[in-house]
Each structure stands twice: as C-alpha cells, then as structure tokens.
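Subject: Structure for your files

Hello,

Here is the structure I said I would pass on. My notes on it follow below.

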Amino acid sequence: MNRLKNLLLVTSLLAGSTVVGQQLNYQGKPTLKELFSTIRQQTGYNIIASGNQINLNTVVKVQAKDKALRDVLEEAFKDLPFTFKIVGKEITILPREKSGQQHQKQQQPAKQLFVDGTVRDKSGPVELVTVYNKSNDKVTFTNDKGAFKIERTSHTDTLVFSSVGYEERQLAVSTSQNTVAMQLLQTQNLLDEVSVLSYGQEVSKRLNTGSTSSVTAATIEKTPTADPLIALQNRVPGMMINTLNGLPGIQTQVQIRGINTVNQDGEARQPLYIVDGIPFNSNSLAYIGANGLTSSYLGESPFKSIDPSTIAGIEVLKDADATAIYGARGANGVILITTKRGKAGRSTISADYYHSFGSIANYVKMLNTAQYLEMRREAAKNDGIELTPNDYPDLLKWSQTEDHDWQKEYFGNIAHTSNAELSLTGGSSGFNYLLGGGFRRENTVYQKKNGLTVGNFRSNLDYHSNDGKFKASLSASYATDKNEVIPLSFTNFQTLPPNFSLYDADGELNWTIDNPIAALERTVENRTKNLISNIALSYELLPNLVAKINTGYTRMKMDQLAINPRRSFRPSENILGNNTFTKASAATFNFEPQLNYDLIVGRSSFRALLGGTYIHRGNSAITTSGNGYTDDSQIRDIHAAPIINIEPKDTQYRFLSGFARVGWTFDQKYVINATVRRDGSSRFGPGKKYGNFWSVGTAWILSEENWLKDNQFGLSFAKLRGSYGLTGNDNIGDYSYFVNYERIFDNYQGQGYLPKNPFNANYQWEVNKKLDLAAEMGFLKDRIIFEANYYRNRSGNQLVGYGLPTQVGFSSVNQNLDANVQNSGWEFSLQTTPINTLAFTWKTNFTMSINRNKLLSYPNLASSSNSLTYQIGKPLNLIWGYEYLGINAADGQPQFRDVNGDGFISFPDDYVPLANNIPTFFGGLGNSFNYKNFDLDVFFSFKKNKHIYNYPFTSAGSVINAPAIVLDRWQHPGEEAKFPAYTTNSSTMSDYNSSSANFVDGSYIRLSNITLSYSVPGKMLEKLKLKNLRAYATGANLLTITSYKGTDPETGVDMPMLRTFTLGIRTSF
Amino acid sequence: MKTNYIKLLSFLLPVALGMSSCNKLLEVTPKYIYTTDQIYANDTMADSVVVGMYGRFAAYQNDLSLNTGLSSDELIPGINSFNPGYSFMYSYNLNPFSAQTNDFWGNLYSIIGVSNAIIEGVGQSKGMTQAGKDEAIGQAKFMRALNYYFLVNLYGDVPLVLTTNYPEERLKPRAAVAAVYTQIIQDLEDASQLLGSDYPGERVKANKWAALALLSRVYLFTKDWTKAEQAASQVIAQSQLFQLGHFDRADGGEPMDIFTKNNPEQILQLWNSVGASIGIGIKGEFASFGVTEDATGLLPAFEENDKRKENFVRFEETVNGYQINKYRSDGEAGSANNEYTSVLRLGEQYLNRAEARLELGLSTAVDDINILRRRAGLTDLSSGLSKSQARAAIVQERRVELCFEWGDRWFTLKRLGLADNVMKKAKPTTWKTFALLYPLPTVELQNNRELTQNPGYNN
C-alpha cells in the first residue's frame, strides 16, 4: 500500500462546467503543490507525478496572464529537473534526468529491456491508461488498442496501472515475463458522470446546481418498447409515467413533479421534450380512437419514431435552475433526449435484433354462464320484473349451455414484436459520422395482420477544424410508420354475456345486442412520417469566447384513413357508411444563436451565456369526410360519397426570447448560477405577449472544505444545493385572444362561419414559482451515493378555460385565474455498489418519489364550474362521489350518506370528495449483477395508490356480464354481504359505482424487468473478428403483487400492458 | 474562411439577440379563421355567419320535436329504442345533472349568442351595404326570437341576454316570461321590417313573412288577438307566394307534397341534403319512437277518413305499431331527398288566425279551421259551435295537423292551461305538474349562481 503513494495523484479529475480553457492566470511564487492545485482549479486537468522524485515544496516562479498551460509549465520547470507530458486531460510530470537517461539508453539499444502488454476492461481495450514502472520510474500510456511498451529493469518489476474511472492495479513482472495482460475494473463514480444541460452545456453531477436525473443508454436498452419513455417508468425520481393502454404505439402520460395547472387540457400539463437540442413535437397528430371505438381518444405516441436503442441518454430537468433557461416552455419540466453520435476510430458496424412475445398477464374473472343466468333471473325476481323475450333474450332465446370466456378467446393470443437496428460509425480526428437504420413490427394479442410497423433512418456528422476553433455538426433522422391497429375495446369483450353467439345460424353477425366483432370492420390506417434535422455551428471568436448557432427543422406528417362501413352498424339503425381522410402535419423551425464566454480569475471561474430563441411552428390539417355510402365496396373512394365535407385547419405559433445565464464557481466549492429570460409568445394579445422569468441556483460542496476532507465517517462527498425561480406557461391554444370566426362542419347551402370563443385579450403568462433544496452525499469512496431532494412548486395566474353559463353563448372563456396550485414533494435516490471485484459486481439503484398536490386558492370556487372538481386544500385529482355506508341488511340495497339531510341521495348536494387519485409514493429498485461475462438486471417498481376506480358493473338489468366479485351479493334479509342485491335498476348501480364502494386499493409491487445477458469474452471476439457480441433475454411486466381485482392497476379497466419475453442479440464489428 | 465565419456570426448574433424586442416576429396570420373585423368586412362575408347560424340551428334542432312529443301525449319510446334518455323523458324522470333536455339550453343559447354577435358585428361594420346590414340583422333578430320562443316554452323564465358582453351577461338572472315575449315581439317586428318579402332561392331562410308567421303564433301566447289576426292575415294574403299543399293531387297517384322542398305551403324550411347531419328533422330516428295509440293518444285522435292519419303516421309491421311518417319521403336511405323539415308553414297560419278570430268574437274563425279540414278530406265544422267547442276544435285541429312539429302540441296544451288535465289522464302514474317546465342544467346553476332551479327538481 505504501508504494502506492509513490504515484501521487495530486488531483482527481473534475470535469466541471467551469472547465474549458487551457488558459491560466497566476502571478507569484507558488510551491509546486500550490501550482498544481491552481492548475487543477482553473483547467480541471489531472496532474500525475511520482512523489518520490518530486519535491512538491519546491518553489517556482510563475507569471501567467491568460497564458497557455503548456507555456506556464515550461516556464515553471525551466530550472527544475522535470519535464511533463499532456495527454488528454492528464498532465504527467516526469523527471528530466531520467528522460535524459532514457534518451541515452535509446542510443544503446542493445542494453534496453522492455515489457509489452495490453490493458483491457470487460468491454475491450482501454486507451490512455498510465502504466508506471515503480522499479525504474518509467511512465507510459496505452494506445488506442490498449497496448503499451515500457522499459524494465533486469529484476522483478512492479507495474502500476491507473486511469480515471478505473481502480488502480499493480502487477509484479518477473524477469522471464516479456508480455503482460492486465484487466482493469471500472469504478463507476456517478458523481463525475457528465450531465447534458440546457443548450448543450455540460456539468458534472458534482457541480450541478439544478435538479436533474439522467438515464443512460444501458438502462433504456433493457426495455424493448416502441416508446423510449416507458423505459424511464419508475426510474426517475419525481417523474410519473402512466401507460394508458396496452396497445402498440399508445401515448403515455408524463408528469414531472405533479400537475401544475387546473387546466384540464393534457397538453398544458406536458413537459417540454428536446431531442438533440431541437424541440420535439410530443403531441400526437393521430388519434387511435378516430373510428370511435375506444371511449377515450388515445393519442399515438410520437416517440415511436425514435428507436430506444439509438438513444445515448435521457436527462430529466426538474427545478427552476435547470429549466429556467427554457423559460415558458419548461414550466412542466424538460426532458432532453440525446441520440448516439459517431465516434472517432475505425469504422464500426453495430447490429441489434430482438423478438418479443407478449401476452395479457391477467384477466378479470367474470361470471360463467350458469352464474350469469342466475344473476339475471335473480335480479328480475328481486325487482318483480316479468321476463320477456325482448328484454331477456339471454334467458329465453339463447343457448343456456354455451360458456365463453371472451377475454381469453379474443385476447388470449401472443403478440409478436420484431425489432432490428443497424448502424455504422467511425471517423478521423476531424470527422465523425454515424449512419443507421432500423425496422420494427408489432402486432396485437387479438389480431395478427393489423399492427404497427416503424422504419427509421438516421445520420449524423461531426466536424471540427484542425485548430479546434470551428465545429459543425449535422443530424438528420427520418422515420416512417404505419399503424393499422384496430383498437378493440377490451371491456366490450369482458362484459359480453358468456352464452352469446357472435354469429347467428346463417353465419351473419348477431345483432341481438351490440356485437363487438363488428368493430373489426371499422379500420383505421395511420401513416406517419417524421423528419428531424439539425445543424449546429460553433466558432471560437476569441480565446474563451465561442459563438454558436443551432438551427433545427422538424416535420411530422400523418395520413389517416378511418372507415366505418355500413356492415359495421346494426342493420336496423340503417346507418350509412362513412369515412374520414385526414392529412395533418406539424412543422417546427427553431433558431438559436448564442454566445459563450468563460473567464478565470484566480480561484474563480465565470461562465456566461447569452442567447436567443426563435421558434415557428405550423400545424395544418385537412379532413375530408365522405358520408352516405350505401355500398361498402366503394367506401375507400371519396368520389363515390354522396356527401363530402372538407375541413381545413391551419395554426401558427411563434415564440421568441432572449436569455442570459451567468455562473460563478469558486475554488470548486461554491457554485452560483443565475438566469434571466424574456419570452414572447404569439398566443397572447397585444401588450401581453412578453413575460420575464428568472432563476438562481447555488451549490456548496462541503466535502471540499478542509474540515470535512479527511473525516472519520467515510463521507467522501457532500453537497447542499438549492434553487428558486420563475418559469412560465403559455399553453392556452393559438389565436384565442381575439374572437375566432371558424368554419363549421354543418353546411347550410354554403360554408358557414361561427364565432368560436368570447372575446378576451387580457390573459397572459401563467407563472410557476419553483423552489428546490437538496442534499447529496457519497460514502466509502462514493460507493454509496444518497440524494434527498425537496421541492415546492407553486403555480398561479393559471391559464384556463373558465366555465361560463351558456346563456352568454359560450361555455368557457380563456382567462387567467387567480388560482394557486402547489406541488411539493420529496425525491430520494440511493445508489450503491456493495461488491465491485473483477469477477463479480453488484450494484443497486433505488428511487422513491412522494408528491403532494394541493389547491391553495381558487377565487369563488363554490360558484365556479369547478366546484365539483376541486376543493381548496385538496389535490387536483379529487374523486367525488357518494360516501358508501355499506349494505342495508334488510333489503340488500347500498346505502350512502345523505350529506344535506333532505332524505334523498342526490347529485350534487350529496357528493363529497372521496379520495385523491394520486399515488402516496412510487419508485423503483434496480439490482444489477455481473459475474464474468454474465449480466443480470432485476428491476422492481412499486406504487402506493389507495384509490383507483374499480371495474364498474352497469346492472343486471342489461344484457351484460359481471365480474365474479358480484357473487358475494346480498340474498336474504339479515345477510351480511359485500355486494348489493342483484338489481335491474341501473341508477342504483350507477350510484354504487360512483360511490366510495367502487374505489379500491391499486397499490402494487411489480417485477418490471429482468434482463440476463451474456457477452462473448474478448479472446473469442478476436477470433470471430468482432468488437462485441452480446445475447440477452428480457422479461418485462412479469409479476405484479396487488390486491387490485382488475387486469392491471396501471391501466385500470382498459387493456393492460402486456407481459413480454424478449430474446435479442447485439453485436459490433 | 475564418473571417467569413466571424462576419457571419457577428452579423447574426446581434440580430438574434435583438429579436426579443421585435414584435413582427411574433405576428401570426391565421388561415381559415377570421377576426370580427374581417368577417363583417362585406355583405358576402357577413352572410357566411348567417349561414353558420342556420347551419348550427339545423344541426341542433333534431331532438326538440321528439322530446317534446314524449313529454306530451304524442309519442312513446319505441321498442327498438337504445336511448334510455327517451324513457326518462316519457316518464318525467329528469335529473338536472344529466337530463336529455340539458342540450336544449346550451344549444338554443348558443344560437342566440351568434345572433347577438351578428347584430353587434354588422352594426359596427364599415364595409357592408345598408341592404346587407338589414338582411343580416333581420336574420339574426328572427333567429334570436325563434330561440327565445323555444326557451320560454321549455323552461319558463329565462335570462334575457342581448349582447356579447359576457362579463356582465354571465350573472344575469332569469327574466319573466312576459319580458322575454316583449323582446321576441320586438325582434320579430324589426325582422319583418328589415327582411325582404320574397325568397331569393330556396325557402330555407327567413323573410318578412316568416317573421310575421312566427309573430302570429307568439301573439297567441301573449293573447294579443288583434295583432295575431293581422299577422296571420298578412301571411295568408300572400297567395302568389303561399298556397296550401295537397294530400293527393287531382291527377291522382302523387303523394303528399306539403313538406316537399319549397312547396308553396312552406314559409320556412331547414335545408338538408342526403347524408347531411343537419336538417333531417325526426325521420332519422323514427324507429326509436312509437305513436301513442291508447284512448288518450294521438292515433284515436284522427277522425275517420282523415287523410292526415295515413300521411302523418304509418303502421310498421316489424314493431306492430304506428310510427311517425312526416319527412320520410326519402324512402330508402341514401336515395335523393325531396323533403325538408318545416319550421313554419301556411297551414298553421289558418289555425293561428282561427284562434285569434275566435277570441275576438269573429264568426269567421270556424272557416279557417274548415279550410284545413277540407284539405284532409273531412266535413266542415258547423258555424254554430259555441266558443268553448270552437276552442276545443282548434286544439284538436292543431293536434292532428301539427303533430311532431316543434312541440306544438306540448306548447299549446301549456299555453291554454290544459296540460295538467290532459297529461293526468294520459299518464296517470307518472305525470307531475312540475314537469310542465324542464329543469335547468346543473352546470348552468353552478356557473351562474343568480339562476334558480325550476320547482320540483332536486338540485
């Protein structure tokens, strides 16, 4: 151990936001130790010196003002017996004499002895490892193939291998050994992982003043889904991702730190997405429910155009400090997605292929035929209703023995997904490139042929001039997909009576009741094309002054054809066929000039950013619908439609802002960042267009203080940080500050126009105030990293569609509402590395989020249209209903609390807020194990949510099947039962369903993901001439522990997320 | 090379940073959307709002005839009815939170909102001609009157909103029925002055005669018999424009033409075309309803040999009962449609005048009734009928002549104070006197705390 001290790592690498220049400012006569320390602070360079050769107390003379580092060192070492070598970000100090001897020895090659070797880690050769021979103080570095050659003595030598991010190792080399092979173990220091911040700024976690969380490619790759956001589920503290439905390509709901607005519009609650520096249109152009089959309109996820395996990392920005620079658009948080780029080095081809098998993990237990018929009969008897063939065909006309389990019959198949990716990367010193493409095909558990097919192509190019002053990068990606999934309603099949026949004796559709199979005739075909392109240029105008321009253009186009043929409707209703052709596009142009300036004065480093943003977004759509088709064979021909209606739409959005950000880091201990910003939006009327926003963030790295540096309790890192700021929100829709006369769908011998909204030009920016406080700690050389974060967001001046009595001609007006919503919460994360050896490593990652949402104020809430939606002091997601008091043992009727005491149970006076539909907490626990070439990842997610909506059962009066829970019903006076007496009365059941009786605990612990992978060892790879070969198997959504009786506590009554098994292989050569 | 970049950047950066003060960059030019100034810039543009107003009205009106038919003694929910709301209508089980009638409130007021916007927008227009302004304002006032007529008859006292100034109008309480009628009459009198006296195209927009025709009916509600008589007479006198239609033509074989497009019987119709979602009246839903056939029902109300019985209702074998047969000449779905929904027609004017004349003590009242009876193939009523007999005859005649037309039966029973007695007999188990008025939608009471609920409804 004591010999280790020989190699003195004066500093550790600190890649901070302040670290850019190689310029140095110093005047005076420092000791070498002081000088190295200054160099570290000002430049962030590592200094490696062998302590037994260098007296660190040697005084040198330095006169540096904006002087290049190399010049400073040359001057300082002028009279000293040292020289130095700068490789990458490391400065190695070498004794001059010895290098002189080396020089002499080179003149006498015969006497020289060398040892050759290679250094690698698990994944391959490691470049730039310092190899130090203790026996003769020789130092060298490995080349890009991990190879080195170092002079040795004629005795047994000890080689020391060190490199940033690796554990240091020593190796004794006997005289007979000429070659050595060394394997290094990575020390994952999470604190030094670089986070990409707004506008491409980079900062290490160590010096970050904002609240951000990152997810790396390695994690994203483990979730084989079309939508990369699903990979983030329960892995990012403070970020809640809800999957709404298990169909392919369905949009997810993302919430960062709760809901900030009383505005019910989903778009107003969305975070901002930035892909490679360009805002990404996260709003769906296509609605899966275009054929009216699903009760809710589910959007298609635009993210399906980004293959998760092409993502290098996702960064989630949460607090004011991190998001203020996005101003208005960052109010709900920002999600930065960075895709992989080309790397210098020889050309590499990477390929990835996987195939998934998905199935529904859990069905709701429904009544079988005998139980179902008994229920129908008993309900009619209870209510004294005579059975008639018209109302009771299931009892009097249909088979009494057929017994279908419709869920399994129609949703019991396996859905297949195949996904392939191929990419080529490479580059020389000035030029890097990446070319890639992928293909994905996914179908559903109920239909083989209609699925989702995605193809994508992407390329990027990075160039920098020889002097490094000019840089350019260019990216373009294009994805095209076809979604023909018919969103069959899962619940329609669930509730289909078990003795129903879908077809009659003649093989025609049976229309005695609504036939869910007919839905398969109502097809929707979506074709989406998504182009994302981006050019970024930067030039170093003066030393430390860099100008950048980032320009992007994205365009998404969607073609949709929804067909409802005549045969898909009940014949007696005589509804004619109709179709809808939709062509929609959304294009965004983005222009961002900026100027970066860095200044280092003594122990301070400053960084300034001045920039502007201009965004122009255009959305347009033309909907052509044909109506009145009598002949289904013509239904794809719009010209055959007796009635054609064409509805064009076009909206423009412009956004303009200027911003400045200043950062000051002192002594690598104290960091303060401030941002100001002025935003203008076309969504506001004259005089209201601009809003000013700002933020301040600060951090104190306690562990850099001397009094804490060599502490006894294993604390290796400690930081306190906080931020406060204002961000805005302009999510109110375009143009509504003037009365919009819009074309109406209903023709009346010509095109009619009607006013769409009342006049209000006075509304303006919604303001969010965000407070964030956090403590970050590392223990045992950062093998344990703990972070606790408290936040409190208050948003006021809410932009909402305020309810109006319709006597004024409109039901709402857009205005600012002086309502205040508070989201506060705690986020915890704990990352540990319990075992880290060459053969076996074990790492854990735990996150947990607690969010409390509260409506602080709402003027005249009681008289507003939201009086039965919100309550002061309560969360926005309130569930209202009757308070259930149990079953009256005398008559089996459900009882509810009569709040106003008028003797009746009635809406709205007896409605009370029952519960909050927000999770008490949620999070995830990941464990990754590595044993030799095997990796095993196990990820659990959990959510505590005590109140989710249970399966609503309409009533036994309709021809509808019931879940098996109804079996425990009241039958005889005096009986205790869980479920009310069977009844044909739908209003009794509707009261029951909207009461607290029907809200149940939806908490769960889920084994979300297990991935086992095997990487072919290096030696075999060399034989196969491959760089990398990995095979993996993943199981997702494997096991859920919950008391919830529905299919899935996440999707509620809708189609659940599938349980999938995936087999895949990944290689590069 | 290097200096070029510097030049480029040093040019772009100040431009970019100066952007935030430049309002031009935030200007947007909406497409397919017009501002108030643009839409009332000239006569043609302004007319597109009138077209929109009619289109919206035609789209909204479908259910009014049917639901009021269920409330009165005209209709029952059909066996194949899939809408439980119709059963609730029939049995007066109306929950103010979710009642089927709730749409009427918002729909009628939204048309009134458009008419208010037209009246204000046209009034301030600088580019329109006086003729264009008269036409647009006349149409708006006619529509405003028509929709308030429905509102008072469905709900009783209703807020009287006459401007688009929502910050003030949002808190308006209910105005007395009489005050609403005063406004309706004012609007219709204005409209009769402003609108033209012919039909430039089809009979699908109001003109002077439509305003007078509605006025004659409204005067019956305000018991202004003289003016009712005058208005009806003015319309009936336009024989070059208006003639009664026929049940069967002299040449035989031709079906009833009363409701065909632009028939001289028609004073105002709602335009529609095949497959259009608007203006189809009740025919799209005929299967969901049955005609009342019991002793108090509509079917026995037709006299023997009344041609209206075979033309206005028809026997449907599949359900073994009678169904609505007005506006059904399109036959097979998808074939060309030659009938439009009627809003105002000449036949009613005779009945309006008959009632006015009766109340004025004129003996000619029965003559007007007989004009319609003759057309229906019935014998004349005796001119010696007592006043109460004649009154009953008018009610009976309105019942069979105007069945399923815009709640005429329901409104007439209420107007004459007959509803309680008639409905008690027709639906002894479910009738409630408070059902004469529909409930105000709960959401309206929430958004305007000055509103009060109609009696009898739990809120």
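**Val275 and its sheet in chain A**

Val275(A) counts as buried, because its relative accessibility is 4%. Please keep in mind throughout that this is a predicted model. Val275(A) belongs to strand 20 of chain A, which covers residues 272-275. Leaving aside residues up to four places away in sequence, Val275(A) touches Phe280(A), Ile306(A) and Ile337(A).

Strand 20 of chain A pairs with strand 21 of chain A in the antiparallel sense, over two bridges. In that pairing, Val275(A) stands opposite Ile278(A) of strand 21. Both strands are part of an open sheet of five strands in chain A, ordered 17-22-23-20-21, with mixed pairing. Its edges are strand 17 (212-216) and strand 21 (278-279) of chain A, each of which pairs on one side only.

**Chain A as a whole**

Chain A has 1069 residues, of which 58% count as buried. Its secondary structure comes to 12 helices and 55 strands. Among contacts in chain A with a separation of 6 or more, 68% are between residues 24 or more positions apart. The chain exposes about 43100 Å², and carbon and sulfur atoms supply 54% of that area.

On confidence, the mean pLDDT of chain A is 83, and 89% of its residues reach 70 or more. Where pLDDT is low, the predicted coordinates should not be read in detail.

**Strand 41 of chain A**

Strand 41 (residues 798-803) of chain A is largely enclosed by the rest of the structure, because five of its six residues are buried. It runs antiparallel to strand 42 (residues 812-817) of chain A, and six bridges join the two. One facing pair is Gln798(A) in strand 41 and Leu817(A) in strand 42 of chain A.

Most residues other than glycine have a negative phi. Two residues in chain A are worth a look on that account.

- Leu780(A) has a phi near 50°, a positive value in a residue other than glycine. Leu780(A) sits in the loop between strand 39 (766-779) and strand 40 (784-796) of chain A. With a relative accessible area of 53%, Leu780(A) is exposed.
- Lys1025(A) is not a glycine either, and its phi is positive at about 55°. The loop that holds Lys1025(A) lies between helix 12 (1018-1024) and strand 54 (1028-1042) of chain A. Lys1025(A) counts as exposed, at 70% relative accessibility.

**Chain B**

Chain B has 18 helices and seven strands. Of its 459 residues, buried ones make up 58%. Residues 24 or more positions apart account for 68% of the chain B contacts with a separation of 6 or more. Chain B exposes about 17800 Å², with 52% supplied by carbon and sulfur atoms.

From the record, there is a UniProt annotation in an unreviewed entry, "domain: SusD-like N-terminal", which covers residues 93-220 of chain B. Over those residues the chain is 66% helix and 0% strand, and the end C-alpha atoms are 30 Å apart.

I also went through helix 15 (residues 387-401) of chain B. At 1.5 Å a residue, its 15 residues should span 21 Å, and the end C-alpha atoms are 21 Å apart, so the two values agree. Which residues of helix 15 of chain B are buried? They are Ala390(B), Ala393(B), Ile394(B), Val395(B), Glu397(B), Arg398(B), Arg399(B), Val400(B) and Glu401(B).

Regards

Definitions and conventions: Residues numbered from 1 in each chain as written. Chains lettered and ligands numbered in written order. Predicted model: local features only at pLDDT ≥ 70, side-chain atom pairs only at ≥ 80, totals over all residues. Heavy atoms only, no water. UniProt positions renumbered as here; feature names shortened; annotations may be inferred. Helix = DSSP H or I, 4+ residues; strand = E, 2+ residues; numbered from the N terminus. Pairing = 2+ DSSP bridges. Buried < 20%, exposed > 50% of the residue type's maximum accessible area, 1.4 Å probe, protein only. Contact = heavy atoms within 4.5 Å. Areas by Shrake-Rupley, 256 points an atom, 1.4 Å probe, with all protein chains shown as cover. Expected span 1.5 Å × (residues − 1). pLDDT = per-residue confidence, 0-100.
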